[in-house]
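Thanks, everyone. Let me put the model up, and then I'll walk through a sheet, a helix and the ligand site.

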Amino acid sequence: MVATIMSGKLLSDELNEEMKLEVIKLKEKNVTPGLVVVLVGEDSASQTYVRNKEKRANTLGIHSVVEKYPEKMTEMELLRVIDRLNKDDHFHGILVQLPLPKHIDSTKILNAIRPEKDVDGFHPINMGKLVIGQPERIPCTPYGIMKLLQRYEIDIEGKNAVVIGRSNIVGKPMAQLLLMKNATVTIAHSKTKNLAAVAKEADILIVAIGRGHMITKDFVKPGAVVIDVGMNRDENGKLIGDVKSDEVQEVAGHLTPVPKGVGPMTITMLMYQTIESAKELLN
Ligand SMILES: Nc1nc(=O)c2c([nH]1)NC[C@@H]1CN(c3ccc(C(=O)N[C@@H](CCC(=O)O)C(=O)O)cc3)C=[N+]21
């Protein structure tokens, strides 16, 4: 068997066309969706990512601004920036690029963003709404994965879903979204015993570990849907996933590639939620 490749790039292109039309409709009503990205410090990976987002926003006709601040800015100064952006009607979405410098408490910063403008879905109000099954803003990576599963007509109800990784931005919200679709959900993590055996029970395996090529075919049930959230650099600086794709491809039924899998969908859902947020202003 050779796995069907689930293209996040392709689905992003499709959704981009829909979003362009949505933006045109909003502009006819004199609303231009606006996204502001706040970048503190000089981290090079962050710079690339922020550039990609800006490019995408521009193609869609979304008004996009990047505010850059020096590494040594204080927490209080950043809180004042957030406060100003919360009140600025040009921006329907605010994204504070993570990670922040160590002297700034990121929880405090995320809590300060108006939940309506929290297009990352990281605010505790939005997290809480997700957990009670009434989501409003959803973390973009798991949201994008749900769109991919839907696009490739993957059955979720009653299936065993195993999520490896328990971060607040991927693992936990991913588990909630799968649970809402009536999967039987297991969250595995670094302390899980016999990870390969647990993973091998999965009909849907979501891998967000952060270690290149860790998931070999021994972790994968034949025919399983494997979603690779990993973004690691190998010794040559090449972008690689958490899944050893050349061998898992021979076992899995579906597999997301890295790059062009989950990554583009994350950006797509960020744009999507910015547009949703702008639409709410009309109501
Ligand atoms: N508040 C906040 N929200 C985020 O969503 C957030 C963040 N902080 N900090 C950093 C991470 C990282 N992240 C990426 C999303 C897409 C790609 C992406 O599109 N990657 C391309 C490849 C890019 C390349 O070639 O380097 C792909 O997978 O095809 C990359 C990285 C969002 N993050």
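First, a term: two strands pair if DSSP finds at least two bridges between them. Strands (E, at least two residues) and helices (H or I, at least four) are DSSP runs, numbered from the N terminus. This is a predicted model: local features need pLDDT of at least 70, side-chain atom pairs count only at pLDDT 80 or more, and totals for chains, interfaces and linings use all residues. Residue numbers start from 1 along each chain as its sequence is written.

Now the sheet. It is open, with 3 strands in the order β3-β2-β4, and the pairing is parallel. β3 (63–69) and β4 are the edge strands, each pairing on one side only. From one strand to the next, the twist averages 15°. That angle is between N-to-C directions, on a 0 to 180 degrees scale, with axes fitted to C-alpha atoms.

Look at β2, residues 34–40. It is joined to β3 by 7 bridges and to β4 by 4 bridges. V36 stands opposite I94 in β4. On the β3 side, V40 has Y69 as its bridge partner.

Next, burial. A residue is buried if 20 or more other C-beta atoms lie within 10 Å of its own, exposed if 12 or fewer, and partly exposed in between; the C-beta atoms are placed from the backbone. In β2, 6 of the 7 residues are buried, so the strand is largely enclosed by the rest of the structure.

Helix α7, residues 171–180, is mostly covered too: 7 of its 10 residues are buried. Among them are M174, L177 and L178. Just after α7, N182 takes a positive phi of about 65°.

Last, the ligand. Near means a C-beta atom, placed from the backbone, within 6 Å of the molecule. Of the 18 residues around the ligand, L98, P259, K260, G263 and T266 come nearest. α2 (44–60), β4 (93–96) and α10 (262–282) each supply at least two shell residues. The largest share, 4 residues, comes from α10.

Where does the shell lie relative to the domains? Domain 1 (31–115) and domain 2 (140–262) both give residues to it, so the shell lies between them. Those bounds come from an automatic or database domain assignment.
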